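Dear colleague,

Please find below the structure that I am handing over to you, with its sequence. I would ask you to look through it first and then to read the notes that follow.

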Amino acid sequence: MNTKLIKIKDLADEDGIAEAAALLREGKLVAIPTETVYGLAANAFDGAAVSAVFAAKGRPADNPLIVHIADLSMLSELTPEIPEKAMTLAEKYWPGPLTMIFRKSGKIPDEVSAGLYTVAVRFPSNPVASAIISACRLPLAAPSANLSGSPSPTTAEHVVNDLFGRVDGIVMSGNCEVGVESTVISMVSDPPRLLRPGAVTLEMLRSAIGEVEVDPAVLSKLEEGTKAASPGMKYKHYAPKTRVIMIEGEGEAFCEYVNKNAGKDAAALCFLEDADKLCCKTVTYGGQDDGEEQARELFNALRKIDETGADIAFAHAPSKSGVGLAVYNRLIRAAAFKVVKV
Ligand code: TXA
Ligand code: MG
């Protein structure tokens with residue numbers, strides 16, 4: 001397939017925005033930037049276009065997609081029922097890295113919701129994303145624009161590496177400032193339930209609406225045969241080709257463990273503070289007390305781990321507070337839940 005690379009630096013690139021929107025209106029697939037990660041977009045009302053998204057990514061058909069809007073008024077087409085707590089969250093955190101799950105309207109094709117009775121909706125803050133959605137005058141279904149199973153793309157180059165030749169267009173824009181995917185919260189249960197942590201943190205959600213439950217799949221592996229509230233959480237995810245083991249402990253204990261156990265084909269995925277204390281190859285992902293920086297750099301660091309040629313990587317676990325919970329949730333999946341406490 002011929003893939004068009006469409007450069008859009010900012011809103012002044014009106015031709016690029018019009019070109020991306022025209023492709024999407026024709027039922028084509030276009031990767032677009034958002035503030036979290038790049039997404040692979042299609043018209044959310046076009047079941048065939050949405051099926052093509054699953055094919056391009058190699059995504060399991062039972063894993064539903066998030067629908068992206070650029071105006072609160074678009075929400076009423078997607079759901080018959082907006083709970084009051086959802087309005088509170090929308091006022092506070094939209095546009096932004098927050099996805100809410102609602103009962104779905106009859107306009108949502110089954111391909112989007114993977115047969116569930118619900119739909120996930122997000123209002124991204126990235127201006128290029130908003131401009132493309134507005135120019136389409138359509139909600140866009142968009143999963144992360146990576147091949148299924150590999151780390152989510154935080155730069156246009158990541159998308160090109162994964163999807164060139166498999167999609168109709170890739171918008172070449174800046175790097176994603178958040179770096180981990182949106183927070184996902186289900187508003188169909190009360191209290192609402194956190195399904196995937198992100199930059200709108202658990203602390204922020206609770207301060208806005210009170211009690212929020214945390215789905216067990218956020219921090220631990222689902223038992224074989226249990227039904228996942230968020231189907232995406234049951235798959236192996238974000239995994240580089242290198243085998244990753246997560247090491248939980250203070251800086252000194254981490255370095256001591258790695259220096260003792262790392263053979264010549266090992267690498268460390270560590271914080272800036274660890275790097276010069278280690279005697280193996282290192283890839284850093286931010287400062288140990290800077291969760292935002294860790295989030296921004298994690299997926300690029302996971303891709304860089306593969307470039308080191310190491311066959312095993314020891315990853316220093318982040319703290320679980322604030323956005324750290326999101327970083328921890330992604331890293332433990334990259335490590336296929338293998339954790340060593342030191
Ligand atoms: O930041 C993001 O959310 C990015 C950008 C592109 O917006 N998108 C993204 O999409 O991360 P994706 O498809 O990679 O992850 C969507 C997650 C999956 O874990 C999926 O199972 C869950 O949201 N999800 C979608 N619809 C759902 C629903 N109706 N009920 C429960 N979980 C749902
Ligand atoms: Mg994804």
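**Findings in the predicted model**

Ala-336 is found in the loop between helix 10 (324-334) and strand 16 (339-341). Please keep in mind from the start that this is a predicted model. Although Ala-336 is not a glycine, its phi is positive, at about 50 degrees. With a relative accessibility of 33%, Ala-336 counts as partly exposed.

A second residue may be read alongside this one. Arg-137, which is not a glycine either, has a positive phi of about 60 degrees. Arg-137 sits in the loop between helix 5 and strand 7 (140-141), and its relative accessibility of 62% makes it count as exposed. As background, most residues other than glycine have a negative phi, and most peptide bonds are trans.

**Cis peptide bonds**

Trp-94 and Pro-95 are joined by a cis peptide bond, with omega at about -5 degrees. Pro-95 belongs to the loop between helix 3 (84-93) and strand 5. The peptide bond that runs from Asp-190 to Pro-191 is cis as well, and its omega is near 5 degrees. Here the proline, Pro-191, is placed in the loop between strand 9 and strand 10.

In what order do the eleven strands of the open sheet lie? The order is 1-8-2-3-7-4-6-5-9-10-11, and the pairing is mixed. Strand 1 (4-7) and strand 11 (213-214) are the edge strands, each of which pairs on one side only.

Strand 5 (residues 98-103) pairs with strand 9 in the parallel sense, over four bridges; Ile-101 has Ser-186 in strand 9 as its bridge partner. Strand 9 also pairs with strand 10, in the antiparallel sense and over three bridges. Val-184 stands opposite Arg-196 in strand 10. A hairpin of six residues connects strand 9 to strand 10.

Which residues of strand 9 (residues 183-186) point one way, and which the other? Thr-183 and Ile-185 point one way, while Val-184 and Ser-186 point the other way; all of them are buried.

Leu-194 has Val-214 as its bridge partner in strand 11.

**The ligand**

Ligand 1 is surrounded by 25 residues, of which the closest are Thr-36, Asn-63, His-68, Ser-182 and Gly-232. By class, this shell holds twelve nonpolar, nine polar and four charged residues.

An N or O atom in the side chain of Arg-59 is 2.8 Å from an oxygen atom of ligand 1. For the side chain of Ser-144 the corresponding distance is 3.0 Å, and for that of Arg-196 it is 2.9 Å. On its own, ligand 1 has 680 Å² of accessible area, and the protein covers 97% of it.

Which elements give two or more residues to the shell around ligand 1? They are strand 4 (66-68), strand 6 (118-122) and strand 10 (193-196). Strand 6 provides the largest share, with three residues.

Asn-126 is located in the loop between strand 6 and helix 5 (127-136). Asn-126 has a relative accessible area of 10%, so it is buried. A polar atom of its side chain lies 2.9 Å from the backbone nitrogen of Val-128.

**Cysteines**

A disulfide is a covalent bond between the sulfur atoms of two cysteines. How many disulfides are counted in this model? The count is zero. For a pair to be counted, the two sulfur atoms must be within 2.5 Å.

Cys-136 counts as buried, at 0% relative accessibility. Cys-255 is likewise in no disulfide, with the nearest cysteine sulfur, that of Cys-270, 7.2 Å away. Cys-255 is buried too, with a relative accessible area of 5%.

Yours sincerely

How values were computed. Residues numbered from 1 in each chain as written. Chains lettered and ligands numbered in written order. Predicted model: local features only at pLDDT ≥ 70, side-chain atom pairs only at ≥ 80, totals over all residues. Heavy atoms only, no water. Near = heavy atom within 4 Å. Polar contact = N/O pair within 3.5 Å; in protein donor to acceptor, adjacent residues only side chain to side chain. Areas by Shrake-Rupley, 256 points an atom, 1.4 Å probe, with all protein chains shown as cover. Nonpolar A, V, L, I, M, F, W, Y, C, P; charged D, E, K, R; others polar. Buried < 20%, exposed > 50% of the residue type's maximum accessible area, 1.4 Å probe, protein only. Pairing = 2+ DSSP bridges.
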